Amino acid sequence: MLQLSLGSVHRVLCLGAHSDDIEIGAGGTLLKLAAQVPDLDICWVVFSAPEARVEEARHSAVDFLAGLARKEIKIGSFRESYFPSEWASIKDWFEQIRADIEPDVVFTHYRDDRHQDHRVLSDLAWNTFRNHLILEYEIPKYDGDLGHPNVFMPLSEKVCARKIELLLKHFKSQSTRHWFTSDTFEAIHRIRGIECASATGRAEAFHCRKLTLEAR
């Protein structure tokens, strides 16, 4: 399988509809990048985190980005599950974010995700960042919409364990959900690891719809 390096990535924009989305979808990848790219600059944006979830989101982001000197954490207050009706206001915030950052890569939700909030962010990411590399992450859920991703980040067992540890540590509000378990997250890592023949048997996966190649 052809391997491309993310070694030239220095500015990363992470977009999550809810307080645990970025961590579930791309947490392992971000932990790996933070450890391997010393001058990494990450803008971490959560659009909805009602009540106690604000602190969950902030503390989790701080832990996932620990050791990075250049990071910014933004937490919005858009109404959860009602993003389609708040399209204009969310679009305005996208434009503010776009004015502040020129990212090398954007992590956002999968366009065909069945959650309405997730789809709104994915659509607006493509609308706003039209000349950027966009990697769409996946969130396991009841709807069964994981799809067939085509970009993989192999991860070590240690990184996956750390990702899961932080998820369970910070998101106590989600602990009663039947799917929010270490087994669920590890299962996704193992399935994606199989699909990309990861040496560790573990990986995260993304959907990439457009990629420009250049030979040098």
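Which helix is E195 found in? E195 sits in helix α6, which covers residues 182–195. Keep in mind that this is a predicted model, where local features need pLDDT of at least 70, side-chain atom pairs count only at pLDDT 80 or more, and totals for chains, interfaces and linings use all residues. Residues are numbered from 1 along each chain as its sequence is written, and side-chain values use heavy atoms, with hydrogens and water left out.

**Fold and shape**
- The protein has six helices and seven strands; both are DSSP runs numbered from the N terminus, with helices being H or I of at least four residues and strands being E of at least two.
- The C-alpha trace spans about 45 × 45 × 35 Å along the principal axes of the protein.

**Inside and surface**
- Of the 216 residues, 50% are buried; buried means under 20% relative accessible area, exposed means over 50%, and partly exposed is in between, using a 1.4 Å probe and protein chains only.
- Take the contacts (heavy atoms within 4.5 Å) between residues at least 6 apart in sequence: 79% of them join residues at least 24 apart.
- The accessible surface is about 10,800 Å², and 50% of it belongs to carbon and sulfur atoms. (Areas come from the Shrake-Rupley method with a 1.4 Å probe, and for residues only the protein chains shown count as cover.)

**Charges**
- There are 27 positive and 32 negative side chains, with the centres of the two sets 2 Å apart.
- Lys and Arg count as positive and Asp and Glu as negative, while His and the chain ends are not counted; each charge is placed at NZ of Lys, CZ of Arg, CG of Asp or CD of Glu.

**Cysteines**
- Searching the whole structure turns up zero disulfides, a disulfide being a pair of cysteine sulfur atoms within 2.5 Å.
- C160 has its closest cysteine sulfur in C196, 10 Å away and too far for a bond; C160 is also buried, at 0% relative accessible area.
- C208 is in no disulfide either, with the nearest cysteine sulfur, that of C196, 15 Å away. C208 counts as buried at 14% relative accessibility.

**Back to E195**
- E195 is partly exposed, with a relative accessible area of 41%.
- E195 and F180 are 15 residues apart in sequence and 23 Å apart in space, C-alpha to C-alpha.
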